[in-house]
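The sequence and structure come first.

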Amino acid sequence: MPAMPPTDPPAPGPDPDAAGFDPGDVEFDPEAVHAKYLAERDRRLVEGRADIRDLDRDAYFARFRSDPFTPRIERDPVRDEVDVVIVGGGMAGILAGANLRKAGIERICIVDQAGGIGGTWYWNRYPGVMCDVESYIYMPMLEEFGYVPTRRYASGEEIRTHLERIAERYDLVEDALFHTDVTRAEWQEDVGRWRVETDRGDRVECRWYVLAVGILNLMKLPAIEGMEEFAGRSFHTARWDYEYTGGGPDRPLERLRDKKVALIGTGASGIQIVQPLVDSAEHVYVFQRTPSAIGIRGNRPTPPEFADTLEPGWQQARMDNFQAIMMGLDVDEDQVDDGWTHNYAAIHHPRLAEGMSRREIAQAAEAIDFEVMEAHRRRVEETVADPATAEILKPYYRYICKRPCFHDEYLPAFNSPNISLIDCPAGIERFTARGLVVNGTLYEVDCVVYGTGFEAERTPLFRRAGHDIVGRGDVTLAEKWADGPRTLFGLMTRGFPNMFTMPAPTQQSVVTVNYTQLAVLGAEFVGRTVGLLADHGVDVFDVSARAEADWTQGIVDVFIDASRVMSACTPSRINNEGHPEEASPLAGNYGGQLGDWFGYRALLQEWLDDAGFEGLEIDVRSATA
Ligand code: NAP
């Protein structure tokens, strides 16, 4: 069993992640809490809050997508025929590639808009960037590579380097097409191949097509009046402009010494950037629409003896231990032992007494949620010296409403003399050439950093893929999935032969906080399935109508309409920005709610072990959809 790293140095304020934290003498008065939470929600539930500038179509802001990290090199168009094209060189794509190699596949071509390997970890190089799931379970293939992360939460640089290492070892780089955007993929019925076209004029034919486009690949830029008028520098966190700021992800941003900087957004990205900005800039204005719940991170170096205690199978066991706790299953010990396993798990799976009614269960869950949120608010109060600032930083909503954050330097940063927190629950009023206006006050700045996140979770795959995917009968994936996904296992869809979609939230598989675990599972499935098909001499497979209908019906049957609870939430990605009722039952998970992780994995493994391709039509080149 792996040894746990030593305990943290004391973090500022009480620990809201400590199991059984006592919120003190604060009574849970449900009516008062509901009223407060709803009032805070209503301050944020304003028209246009979800409006974005679509960077695909926005001539002015399209430049936000350029790659500041790797120069683009002109090259001749490629004409090639390969076994597999994988769209996306991030974690999912690389893992799929590695598993395809293990299955003996020779020609693999990764296509990515980025200038190199890494996906999210290629693009997000902002100061302070780290994973917020423990690196020992977040960084894949640690055991195979004999690599032990240097810290409990690794830096973006360390994660990217590790992904590059995997890609190198599995020879996924040489044939990759970087700085290349797929513009169209079309199934060629006559030859049983996909034809993939790109913005570089490439035409690559492949037998198998894998969509590993990621869930955080589309930057979200809000639509705020007058944005174009701003005369200073501006960029999104996923394209950090070190040429302007100087420094690096872990080095001072020395060119900001005489600069006033605005940071918009206080989610998982924004909160990591605040301390580095405060350390470097003349003044920092943090524009906060909704405060995040900031739990303890407790980062620390990996103790040298950690590696010595690891036994074969340790990483899978640790991942499973985390996942079991997150699903409310009994385990002997909590190996990861962090804010996720304490709070997230406790709130989603409250301990119940026998014979409790549904109403009592809901009340118990709400009481735990209140305790945890009260502890978070207490942490703010005891960390931030100015009571008015502290009050603005307190999250007044249920823990289940937003993805929680974990950080130990963010809250103390508000005690610095060169930071101002600007409360803007209804968003930023407008821009002028000199800065941003909130409540009629102009905040003059030299630079604006958009920490406004990504089109995650609810953005359909065909939009994230960003190109027409044309299957049998000239039907596009966008047409087929217009009202929601229809799949087998969330990994294949009828009418799109020989195509795999890596598992993702709202795509009929399961959801995990540790996305790596899902990527590992999807990649193993793709690798083994292609290997089996090749072994059996199958040129073409498609999902049978029956299998897809059954899988999809299975998802719909267990879909729980949580819109009543979620509509009381502060608007967020999780409740579709205040409109949870719009969630399609088709966009659910196997087993309902966040999904039955272990059941799903067992089902995939059985299917692979059986090797009977149940639910697939194989060698069906002449069939019609
Ligand atoms: P995010 O969580 O969606 O946060 C975006 C922030 O921008 C929110 O604070 C949002 O306010 C604010 N915002 C959006 N539009 C605005 C507007 N018009 N005016 C003012 N504020 C506005 O995005 P993120 O921080 O990039 O994180 C996205 C996801 O990426 C995370 O949930 C996580 O899954 C992943 N992530 C992980 C890590 C990590 O592992 N450490 C780091 C970064 C990201 P509201 O809250 O009011 O919407």
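Rings of Phe, Tyr and Trp (its six-membered ring) pair if their centres lie within 6.5 Å; planes under 30 degrees apart count as stacked, over 60 as edge-to-face and the rest as tilted. The model is predicted: local features need pLDDT of at least 70 and side-chain atom pairs count only at pLDDT 80 or more, while totals for chains, interfaces and linings use all residues. Residues are numbered from 1 along each chain as its sequence is written, and side-chain values use heavy atoms, with hydrogens and water left out.

**Aromatic pairs and a cluster**

By the ring rule, the count comes to 31 aromatic pairs. Tyr122 and Trp123 form an edge-to-face pair, with 4.9 Å from centre to centre and 85° between the planes. The rings of Trp607 and Phe613 have centres 6.3 Å apart and planes at 70°, so this pair is also edge-to-face. Trp607 and Phe613 belong to one aromatic cluster, together with Phe489, Phe525, Trp551, Tyr590 and Tyr600.

Burial is assigned from relative accessible area: buried means under 20%, exposed over 50%, and partly exposed in between (1.4 Å probe, protein chains only). The table gives the values for the residues of the two pairs described above.

| Residue | Relative accessible area | Class |
|---|---|---|
| Tyr122 | 3% | buried |
| Trp123 | 10% | buried |
| Trp607 | 9% | buried |
| Phe613 | 5% | buried |

**Charges over rings**

A charge sits over a ring if NZ of Lys or CZ of Arg is within 6 Å of the ring centre and within 35 degrees of the ring normal. Arg165 lies over the face of Tyr147, at 4.4 Å from the ring centre. The charged end of Arg169 sits over the ring of Phe145, and its distance from the centre is 3.9 Å.

**Cysteines**

A disulfide is a pair of cysteine sulfur atoms within 2.5 Å, and by this rule the count comes to one. The bond joins Cys401 and Cys569, with sulfur atoms 2.0 Å apart. The torsion about its S-S bond is about -75°, so the disulfide is left-handed. Distant parts of the chain are linked in this way, since the two cysteines are 168 residues apart. Cys401 is in the loop between helix H13 (387–393) and strand S12 (405–406), and Cys569 is in the loop between helix H19 (563–567) and helix H20 (597–610). Here helices (H or I, at least four residues) and strands (E, at least two) are DSSP runs, numbered from the N terminus. Cys401 is buried, at 2% relative accessible area, and Cys569 counts as buried at 2%.

Cys109 is in no disulfide; its nearest cysteine sulfur, that of Cys206, is 8.4 Å away. Cys109 counts as buried at 4% relative accessibility. Cys131 is likewise in no disulfide, and the nearest cysteine sulfur to it, that of Cys405, is 14 Å away. Cys131 is buried, with a relative accessible area of 1%.

Two strands pair if DSSP finds at least two bridges between them. Three strands form an open sheet in the order S14-S15-S16, with antiparallel pairing. S14 (430–431) and S16 (441–444) stand at the edges with a single partner strand each, so one side of each is left without a neighbour in the sheet. S14 pairs with S15 (residues 435–438) in the antiparallel sense over two bridges. Phe431 stands opposite Leu436 in S15.
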